[in-house]
Amino acid sequence: AADHAAVTITNCDTEPIHLPGAIQPYGFLLCLDPATHLIVQASENTATHVGLPAAELLGQPLGRLLGRSRTAEVTALLPTLTETARLLGTRLEGIAGAPFYKLVLHRFDRLLWLEFEPVAETDTSASALDLSRLNEALGQLLTADSVLALCELAAKQVRAITDFDRVAIYRFAPDDSGEVVAEATAPGLAPWLGLRYPASDIPQQARALYLKNWLRFIPDARYQPARLVPTCPPGHARPPDMTYSVLRSVSPIHLEYLHNLGSAATMTISLIEDGRLWGMITCHHLTPRLVSYELRDLCQFIGKTFSSLLKTKQLQDGYAYRLGVQARQSQLLEQAAAQPDLLAALTQGSPTLAGVFDCGGAAVCFEQQVACAQVGTTPPAPELHRLLGWLRQHARGEVFHTHSLAAHDAALGQALRATAAGVLAVRLAPGSDDFLLWVRPEQVHTVTWAGQNDKPQQLANGQLFLSPRQSFEAWKQTVELMAAPWLEVEVEAAVAIRQFVADQQLRTLREVQARAE
Ligand code: BLA
């Protein structure tokens, strides 16, 4: 506890979580010298697992532990090892008096890593690995018609495979903050859907590890770490690099986070797009939960399939939204062409100017007349006029858009945050004071805290208190005064509508002139 009192949101990116010098004690670890195949490092909990203290294993060949035929089997594999974990399929039962173990092997940091995992009594790997089930799951993921549908299916499937109390799909925004976009839970659990978390909940070095490993598993978050002996393997100046170790001990600050969350076990699967973390499938359980290596493999398989399908589903989504925007834009313009009162057509028809794409509201401002179309709310008249005054002065060119008005004018952005933190404005003609504009509220106004009985806490004695509620407050700070960004298709629609309105205005002007002559 003394250590992590010093860890804060600003320095937790620097904790060397790949060098903990300890493991999670549900299994045990041996490191072999790649040349001699002798044991050069062991976790201190070998005695509890196999009745042999670590000290008695150091300097020994594997045969000291495994018996002749198993030793031969493992030794044959050693030269082929890489960073990628290999599972020795057969159950190891030759170990003195211990239950069954599976052996996970890899090579890294000039060491051969042998991680022994106990096999849970309730090991359901065989039934879950049923090929026809896998086939069906894959088929469902393929036919999902949107990213959201893909997320919902993946959450359901991972929960069906593992029976975790909660499986959530956590998606990252460009600023690395995240949102729960889908979940599957045991009955009676409070929903997390829609909850937001700041980037700092998963620091950068942890993200880097989750790019290298598809799965992180913490079967019992209340464990006492088992140290490695000796601290540094011979010829190493520091503890060994556990980047690819399955048993790698967890950062104390994250364990505290899980404790405050009431989560006793977690499993997280990376969702990767173009070499970047797109999101994670995070699983939580109220009690410790040992999931077999095979089932974890299957969940990785779901994660990899999800990742490879993401691009296609995103294109589908973008395409569907684009089509919708274009269809509503044409509808709006057709109805406006058929009506003499342009202002009324844009603000009272179906759709209105505000109904073409996602926004809080829209306004038509010409010849000193202002009319609004609302979805949510537009700024009250005095503020709208203030905004127009500002746009007349500062919005150069035909199109102006920002997702943070405050970044351009702090006072104005502050005053309009609830309705127009983001503004998309098109000027009807060069030099004209007439505008069409769309507004969006501050993102925070569109998101509310859905967590239960979890009041915000103050930092006590400089000590960080970690909880989802606290995370939500932290996330809010990072997006203050910002609306969701405007998409290209939205700006394009705004420009097309502007063109139409400008043409109509010109036509009306000509008619008026013709009549006057
Ligand atoms: C790791 N933090 C993680 C992980 C997740 C989260 C998923 C991966 C490890 C795991 O599977 O448990 C966060 N979990 C979440 C979030 C949701 C969730 C956001 O389910 C939402 C649905 N954590 C903090 C702060 C720090 C911090 C302030 O909140 C640092 C000061 C650190 N988080 C931290 C560290 C790790 C981590 C160091 C890496 C743990 C490891 O792999 O050893």
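1. Domain bounds here come from an automatic or database domain assignment. That assignment gives domain 1 (3-314) and domain 2 (339-442 + 480-516). The centres of domain 1 and domain 2, taken over C-alpha atoms, are 51 Å apart.

2. On provenance: this is a predicted model, where local features need pLDDT of at least 70, side-chain atom pairs count only at pLDDT 80 or more, and totals for chains, interfaces and linings use all residues. Residues are numbered from 1 along each chain as its sequence is written.

3. The ligand is surrounded by 28 residues (C-beta atom, placed from the backbone, within 6 Å of the molecule). Cys 12, Ala 206, Ser 251, Thr 268 and Thr 282 are the closest.

4. The shell around the ligand holds 18 nonpolar, 7 polar and 3 charged residues. Ala, Val, Leu, Ile, Met, Phe, Trp, Tyr, Cys and Pro count as nonpolar; Asp, Glu, Lys and Arg count as charged; the others, Gly among them, count as polar.

5. Elements supplying at least two shell residues each include strand S7 (166-172), strand S12 (265-273) and strand S13 (276-285). Helix H9 gives the most, with 3 residues. Helices (H or I, at least four residues) and strands (E, at least two) are DSSP runs, numbered from the N terminus.

6. Helix H6 (residues 131-143) and helix H7 (residues 147-162) have axes that come within 9 Å and cross at roughly 160°. Axes are lines fitted to C-alpha atoms, for helices over the stretch in contact, and angles run from 0 to 180 degrees between N-to-C directions. H6 and H7 are therefore roughly antiparallel (over 145 degrees).

Terms used
Angles under 35 degrees count as roughly parallel, over 145 as roughly antiparallel, 65 to 115 as roughly perpendicular and the rest as oblique.
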